[in-house]
Amino acid sequence: MTDRGQELHATADRQIGELIGLASTFDVTTLRLPCPGRDKLGDGTVGAYTRHTADNYQQIAAFVQTSDRMSDAHEPSQNGGHRIPRFLRALGHGPTGHIEHGPGAGQHAHQYTADNIDVGAVVEQLSDSRDTLGQIAELTDSQLDTIPPKDSFRFCDGQRTVEQVLASLLKHQSHQLDALKAAAP
């Protein structure tokens with residue numbers, strides 16, 4: 001356990017706790033409100049953006065869940081090329097592993113609407129992601145200092161460490177949470 005990992009975990013835990021608290025208060029009227037500045041995602045509503053934000057935490061949790069197996073990162077392969085770490089092979093190396101935005105972006109963007117959101121299911125999803133993200137606190141210095149290959153996941157540029165990627169992801173999620181707080185009464 002490192003202080004760095006514990007700090008990242010505390011940030012994720014606080015953010016998800018806020019989102020669970022906020023989403024738990026949403027009624028049908030609130031879910032259908034426009035989410036200013038986020039109108040290109042799904043139907044542009046609070047409901048769509050809440051589900052999108054919850055899905056992003058789930059993707060981050062998947063990234064973290066496999067990060068305890070980063071030991072082979074960037075060791076040369078027998079053919080002289082770079083090796084993809086096991087944790088990234090599990091997620092799918094390449095641009096498809098990104099958290100994407102905008103119309104048609106990502107595999108579920110077209111499904112984000114106020115009409116098909118189940119707040120209870122979203123809260124359960126967030127709780128599951130929150131539990132999995134607890135693994136951030138268990139990451140070692142070596143794991144936090146690993147540099148994932150470029151384009152292997154959002155904010156992975158071949159230069160940032162896992163710690164920096166996680167911090168960037170959580171900063172991005174913070175902005176999403178702020179947008180939801182501003183849109184909901």
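A residue counts as buried when its relative accessible area is under 20%. In this predicted model, Gln173 has 0% relative accessibility and therefore counts as buried.

Gln173 is part of helix H7, which covers residues 162-183. A polar atom of the Gln173 side chain lies 3.1 Å from the backbone oxygen of Thr53. Leaving aside residues up to four places away in sequence, Gln173 touches Gln15, Thr53, Asn56, Tyr57 and Ile60.

Phe63 and Phe153 are buried as well. The structure holds one aromatic pair, and these two residues form it. The rings are stacked, with 4.7 Å from centre to centre and 10° between the planes. Phe63 belongs to helix H3 (residues 46-65), while Phe153 sits in the loop between helix H6 (141-145) and H7, so the pair ties together parts that are 90 residues apart in sequence.

A further contact joins two helices, H1 (residues 3-23) and H5 (residues 119-133). Their axes come within 10 Å and cross at roughly 170°. An angle over 145 degrees counts as roughly antiparallel, which means that H1 is roughly antiparallel to H5. By class, the contact has nine nonpolar, four polar and two charged residues. The table gives the residues on each side.

| Helix | Range | Residues in the contact |
|---|---|---|
| H1 | residues 3-23 | His9, Ala12, Asp13, Ile16, Gly17, Leu19, Ile20, Ala23 |
| H5 | residues 119-133 | Val119, Val123, Leu126, Ser127, Ser129, Arg130, Leu133 |

Note on methods. Residues numbered from 1 in each chain as written. Predicted model: local features only at pLDDT ≥ 70, side-chain atom pairs only at ≥ 80, totals over all residues. Heavy atoms only, no water. Axes fitted to C-alpha atoms, helices over the stretch in contact; angles between N-to-C directions. Helix = DSSP H or I, 4+ residues; strand = E, 2+ residues; numbered from the N terminus. Parallel < 35°, antiparallel > 145°, perpendicular 65-115°, else oblique. Contact = heavy atoms within 4.5 Å. Nonpolar A, V, L, I, M, F, W, Y, C, P; charged D, E, K, R; others polar. Buried < 20%, exposed > 50% of the residue type's maximum accessible area, 1.4 Å probe, protein only. Polar contact = N/O pair within 3.5 Å; in protein donor to acceptor, adjacent residues only side chain to side chain. Phe/Tyr/Trp six-rings, centres within 6.5 Å; stacked < 30°, edge-to-face > 60°.
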